[in-house]
Amino acid sequence: MEFTASPKPQLSSRANAFSIAALMSSGGPKEKEAAENTIKPLEQFVEKSSCAQPLGELTSLDAHGEFGGSGGGGSSPASSSLCTEPLIPTTPIIPSEEMAKIACSLETKELWDKFHELGTEMIITKSGRRMFPTIRVSFSGVDPEAKYIVLMDIVPVDNKRYRYAYHRSSWLVAGKADPPLPARLYVHPDSPFTGEQLLKQMVSFEKVKLTNNELDQHGHIILNSMHKYQPRVHIIKKKDHTASLLNLKSEEFRTFIFPETVFTAVTAYQNQLITKLKIDSNPFAKGFRDSSRLTDIESD
């Protein structure tokens, strides 16, 4: 089936528009390769996005890992052409009966639990750094005949900035959060999946990269250092007649979050126990015992 891409919105140079038709269509090998080599930011993924709505704190989770959300919060003023709010609403609509049957499980949960107990930290760099542990999920309850788009974003846990107190080996609130950065989504490069594929395979987000460069041109997820964040996994049922998703409010989707994946973004590890656990657990870090070198050898 051939799709026609929708007109590109007028965005500022900081919010570059990228076509996502290749991600939404079956695409050829070259398109697939390009999609995998460059993570496409999807500022035009949502029509005008949800920027008019304040970002609430992540305060309510149900037993299925679905985000309920709360009002309030608020954020610093931003340019009207630069979206700094989540592109997928923080308060999802009530899912249809079909979407409500879908369940999502976090793989390597035991490893995530170990990091969570210590206070997970993720390195962010100007050029972008991959996450470890990696977000890997599996789905059940999907329609084998339907097609689904799987994507991820990372949203602030609260409106606070933190500092690490070495004498107490704990994180403390250091003040109000820095101004929010451009919001981005990461669509898994193998999307769209058939339901049959999702029932048979795990979905891994190992290619997601985190950066502190707000002018990033590579589609990496942009975060503030010393702030706490929550990754979110979304599954959207793809409609046959759409090449792109212009308004997520009209799409059927589910949002899943896992509290054990909360992390603090840092430019250098603060907790030595986190450093040790990263070295012991990360296959790319085996043999490196100098903690000062760890940030250089995590998989780029």
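1. How many bridges join β3 to strand β11? Two bridges join β3 to β11 (residues 209-211), and the two strands run antiparallel. Strands here are DSSP runs (E, at least two residues), and helices are likewise DSSP runs (H or I, at least four residues), numbered from the N terminus; two strands pair if DSSP finds at least two bridges between them.

2. This is a predicted model, in which local features need pLDDT of at least 70 and side-chain atom pairs count only at pLDDT 80 or more, while totals for chains, interfaces and linings use all residues. Residues are numbered from 1 along each chain as its sequence is written, and side-chain values use heavy atoms, with hydrogens and water left out.

3. The protein chain has an average pLDDT (the predictor's confidence in each residue, from 0 to 100) of 73, with 62% of the residues scoring at least 70. Confidence is lowest in helix α1 (residues 21-24), with a mean of 38, and highest in strand β15 (residues 263-266), at 98.

4. Over residues 1-81 the pLDDT stays under 50. Where pLDDT is low, the predicted coordinates should not be read in detail.

5. β3, β11 and β12 form, in that order, an open sheet of three strands with mixed pairing. Its edge strands, β3 (129-130) and β12 (221-222), each pair on one side only. Arginine 130 has lysine 209 of β11 as its bridge partner.

6. Strand β4 (residues 136-140) is joined to strand β1 (residues 103-106) by four bridges, antiparallel; cysteine 104 has phenylalanine 139 of β4 as its bridge partner. β4 also pairs with strand β10 (residues 203-204) in the antiparallel sense, over two bridges, and serine 204 in β10 is the bridge partner of arginine 136.

Terms used: Contact = heavy atoms within 4.5 Å.
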